[in-house]
Amino acid sequence: MDFGFTIAAYAVATVLFVLSLGGLSNQEKAKRAVWYGIVGMAVAVGATMVGPGSGLWLMSLVLIALGGIVGWQLATRVQMTQMPELVAIMHSLVGLAAVLVGINAHLEIGRVAAAFTAGDLPFPQPEGPMSTAAYDLWLGLTDFAMIIGKKTAVEVTILRIELMLGIWIGAVTFTGSVVAYGKLAGRINSAPVQLPGGHMLNAGAAAASLLFAGLYLGYAESGAVAILMLLVLTALALFIGYHLIMGIGGADMPVVVSMLNSYSGWAAAAIGFSLGNELLIVVGALVGSSGAILSYIMCKAMNRSFISVILGGFGGTSGPQQQVEGEQVAIDAAGVAAALNDADSVIIIPGYGMAVAQAQQSVSELTRKLRAKGKEVRFAIHPVAGRLPGHMNVLLAEAKVPYDIVLEMDEINDDFPSTDVAIVIGSNDIVNPAAQDDPNSPIAGMPVLECWKAKQVFVSKRGQGTGYSGIENPLFFKENTRMFYGDAKASVDSLLPLID
Amino acid sequence: MKIGAPKEVYEGEARVALTPDSAQQLKKLGHECLIEAGAGEKAGITDDAYREAGVEVVAEAKALFDGADIVIKVREPQMDEVQRLREGQTLVSFFWPAQNEELLNAAAERKATVIAMDMVPRISRAQKMDALSSMANIAGYRAVIEAGNNFGRFFTGQVTAAGKVPPARVLVVGAGVAGLAAIGTSTALGAITLAFDVRPEVAEQIESMGAEFVFLEFEEETKDGAETGGYAAPSSPEFREKQLEKFRELAPDIDIVITTALIPGRPAPKLWTEDMVRMMKPGSVIVDLAAEKGGNCDLTVPDQRIVTDNGVVVVGYTDFPSRMATQSSMLYATNIRHMIHDLTPEKDGVINHNMDDDVIRGATVTHKGEVTYPPPPPKVQAIAAKPKEKKKEPTAEEKRASEVSAFKEETKRQVALLAIAGGAVLAVGLVAPESFMRNFVIFVLAVFVGFQVIWNVAHSLHTPLMAVTNAISSIIILGALMQIGSTSGLITVLAAAGILMAAVNIFGGFMVTRRMLAMFQKS
């Protein structure tokens, strides 16, 4: 089939992808939207395979099937609490694929140039119509080479820039995602770690990348040097990805994951440019911009600039933090249960601690029991609760908590004063009143859930330590706060028989 | 000190200021109690009952006034009673100093101290001696009973074998203590109760008693009730008109109207006009608790029960508490007892008239030969803390102006962004060849579409969104697919690896998204 058909199929796929992303605006439409995405992908892959240039159909199909089986297994086996890790590691695959495709593009250019030189013909093509000899040679090229073969000098240079961009971003995404995966999975210490030199090292590596990019363009004609330059460039990008994400604390992982998501999109778009593939450009740009917006939304929720998150750690403190006075008062399960039995309205604030303890099923059961008694139970979700945007929503949904009682911060924050009991399960910074009261707090100005305004607050927490950000939380010392120490799942389970 | 309660001389007054119970409590404070013979008779308390409680029964009023250091009464004293007071003697009673200036001056002349129970400030601490509230509570209750007595039907709706009875519809005007008591009684009897008050802040109290608040659409600087000591303030003529209009609308469907609207120190406002009475069904009842101050209804005759031409009964009794003398004597005597408790801080039978105490100062209208009415404003703010100063609502014009300026600001920013982005694109266009620009246009458009689409994604779906975009980003497989057909072995191998990884991602990403979305359930 000819090229026109492929382009038409790409148009169809593009529309399907846009619908797929836009359909996530609500829970019901979302289920349909995923199918749009799946069909769009099938159309895109099918059209590319029947389109010009691709060969080895059987091998492609076998590979896709193989990858499919692996992906299927991964997706079905993964625990919902491991979702952030899974998403992170899958990003790394996209990044690596982009690097490979980029390197291939470079090799292909070399091969085309060699072919033309062997035929004693100029390459890149001079301006004006192609000579008959060159045209004959060009006709004999395979499909991706054909696109390269007709390019002029400027176009080839642009092509090289594009493929460098694709490789560079892809490589950053690759190592960045692997590190993010390690941190989320707990295989790497989640505290921010930087090599001596810190951000200067990153800046240096970025500057060196530019230098080698220039060198690559300069030595593009001499095959061995060029590939060496390209590999050095890739290595630098790999280092930047690694070092950048290592320097970011676990609490900022939601932003990091969505940022890497964005990068993988930009890498795809850059590769799309170099391959002259419109669909790659469109979809890459879609994914890139969506990741960027998600990062922006989350940074806004934390009242921090994107730059300060990316550069790692909390910044901008001045002066000593307020001293927290008072003591943390512990309470046992019977006390919490008594308060719950008396309460009419309850708000539960889950955090990463709930995910770690796998307590969502128990929390769901508690919710079911309380609701059966006619109490109003709702969930308050902070935009950055958990390790992935919307992480808590997914966990609660898995535990069959109906989504219409799971509310966002803005929807529920005004309701705390009229609430009898607020239960904080494994969250810390997102309920820290210091964000509002203490201008010197590292999280000052970050919007938080004002749970301390409820009549009573119970905090389910492992021990007396501080949260990810290492900030003391005055909530725990408030008069209407009681600490319910212990593993979140065990704690909630101990409550269940006491609710009657 | 000796505390004496004379027989009430006012015609028809059945209450008494001292009960055997309160007398026993007063004795614990170190006081002795006297009572005029027959004082408790109408309230159902015999002289013997008093004697049993250790109260000395005195045959005549004169002897009582002479023997007692503190005289306690219900109704304001008559002139001859005031003349009996002597220097240093204390009178505790309702007094209405604003209306009874003559009595007030006479009492001051006699150098007696008068504590007016109607002047007790309305603060939390003084609630236990707030006789107005306890009497109003009884009046509200009795008003409903009185209405039921004159009303020919059930209050509650019933479906019986002999037919269906609709519930009575009761309208309570004025939701003070009496009004709220009336609402409570009326709903307890099963009537459908509506209630109106000029103070919108009492809507919550009305609803808490089980009545429906009659809401009046009216834009006005309404004074907060707390500023006027919890009482209603006079309303503007426009507001009154609006209010009457609402009542006219309600009148034909209302079976029982209980009006309790009073404004301190003024005649009662006319709220239920003659034409409203005409609109009501025969057999309907109006109970006017404000009859003593002229009545809220045009047709009210104080102390009378009249029947209008169209068969509506208008009850204008002014002695509702007295009609329940046993109950009201008990409550009033307790109020008095609390007052004397505050006057005897040491519980040693010695009165310490502390004029620095807000409550005592407020209630004292004459002291040591001087008229001490009106009192200075109490140090403790009345009733509720003043609600926080509300932010001034911007006027429509201000709103409009701020909207316009916000719009202009946004336009400016958008134009600036577009100019920068447009300039950048144009700059690229100057140097880049046409083939590149074709793709570039697509790229810019796609970024734009991406921004537009993603803003709408629900917050709770951000994780599925990430998973789906992750799956979609495996579109990179296209690049690998295009290269795998290359004649170079190395390229083929690299492309094959790319295809494999992307395929993992496609299937994994979509599967995981579907799993997540399937979990989202509505309750």
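The following exercises, each with a worked solution, concern a predicted model.

Local features are reported at pLDDT of at least 70 and side-chain atom pairs only at pLDDT 80 or more, while totals for chains, interfaces and linings use all residues. Residues are numbered from 1 along each chain as its sequence is written, chains are lettered from A and ligands numbered from 1 in the order in which they are written, and side-chain values use heavy atoms, with hydrogens and water left out.

**Exercise 1. Chain A as a whole**

Task: State the secondary structure, the buried share and the accessible surface of chain A.

Solution. 
- Step 1. Helices (H or I, at least four residues) and strands (E, at least two) are DSSP runs, numbered from the N terminus. Chain A holds 19 helices and 6 strands.
- Step 2. Relative accessible area is classed as buried (under 20%), exposed (over 50%) or partly exposed (in between), with a 1.4 Å probe and protein chains only. Of the 500 residues in chain A, 56% are buried.
- Step 3. Contact means heavy atoms within 4.5 Å. Among contacts in chain A between residues at least 6 apart in sequence, 78% connect residues at least 24 apart.
- Step 4. Accessible areas come from the Shrake-Rupley method with a 1.4 Å probe; for residues, only the protein chains shown count as cover. The accessible surface of chain A is about 19200 Å², and carbon and sulfur atoms account for 63% of this surface.

**Exercise 2. Surface patches of chain A**

Task: Identify the residues of the negative patch and those of the nonpolar patch.

Solution. 
- Step 1. A salt bridge is a side-chain nitrogen of Lys or Arg within 4 Å of a carboxyl oxygen of Asp or Glu. Patches are made of residues with over 30% relative accessible area and no salt bridge; like charges are joined within 9 Å, and nonpolar side chains (Val, Leu, Ile, Met, Phe, Trp, Tyr) within 5 Å.
- Step 2. Lys and Arg count as positive and Asp and Glu as negative, without His and the chain ends; the charge is placed at NZ of Lys, CZ of Arg, CG of Asp or CD of Glu.
- Step 3. The patch of negative charge consists of Glu408(A), Asp410(A), Glu411(A) and Asp414(A). Glu408(A) belongs to strand S3 (residues 406-408) of chain A and is partly exposed, at a relative accessible area of 33%.
- Step 4. Ile161(A), Leu165(A) and Leu217(A) make a nonpolar surface patch of about 230 Å². Leu217(A) is part of helix H8 (residues 199-218) of chain A and is partly exposed, at 31%.

**Exercise 3. Salt bridges**

Solution. 
- Step 1. The total over all chains is 26 salt bridges.
- Step 2. Lys455(A) and Asp420(A) form a salt bridge (3.4 Å, N to O). Lys455(A) is in the loop between helix H18 (434-437) and strand S5 (456-461) of chain A, and Asp420(A) is in the loop between helix H17 (409-412) and strand S4 (421-425), 35 residues apart.
- Step 3. Glu292(B) and Arg75(B) form a salt bridge (3.8 Å, N to O). This pair links distant parts of the chain, 217 residues apart.
- Step 4. Lys128(B) and Asp342(B) form a salt bridge (3.5 Å, N to O). Lys128(B) lies in the loop between strand S6 (113-116) and helix H6 (131-150) of chain B, and Asp342(B) lies in helix H12 (residues 325-343), 214 residues apart.

**Exercise 4. A buried serine**

Task: Describe the surroundings of Ser328(B).

Solution. 
- Step 1. Ser328(B) is in helix H12 of chain B and is buried, with a relative accessible area of 0%.
- Step 2. Leaving out residues up to four places away in sequence, Ser328(B) touches Arg15(B), Met135(B), Ile138(B), Pro321(B) and Ser322(B).

**Exercise 5. Backbone geometry**

Task: Find the cis peptide bond and two positive phi values in residues other than glycine.

Solution. 
- Step 1. The bond between Tyr373(B) and Pro374(B) is cis, with omega about -5 degrees. Pro374(B) is in the loop between strand S17 (370-371) and helix H14 (396-431) of chain B.
- Step 2. Gln358(A) has a positive phi of about 55 degrees and is partly exposed at 32%.
- Step 3. Asp303(B) has a phi near 65 degrees, lies in the loop between S13 and S14 of chain B and is partly exposed at 45%.
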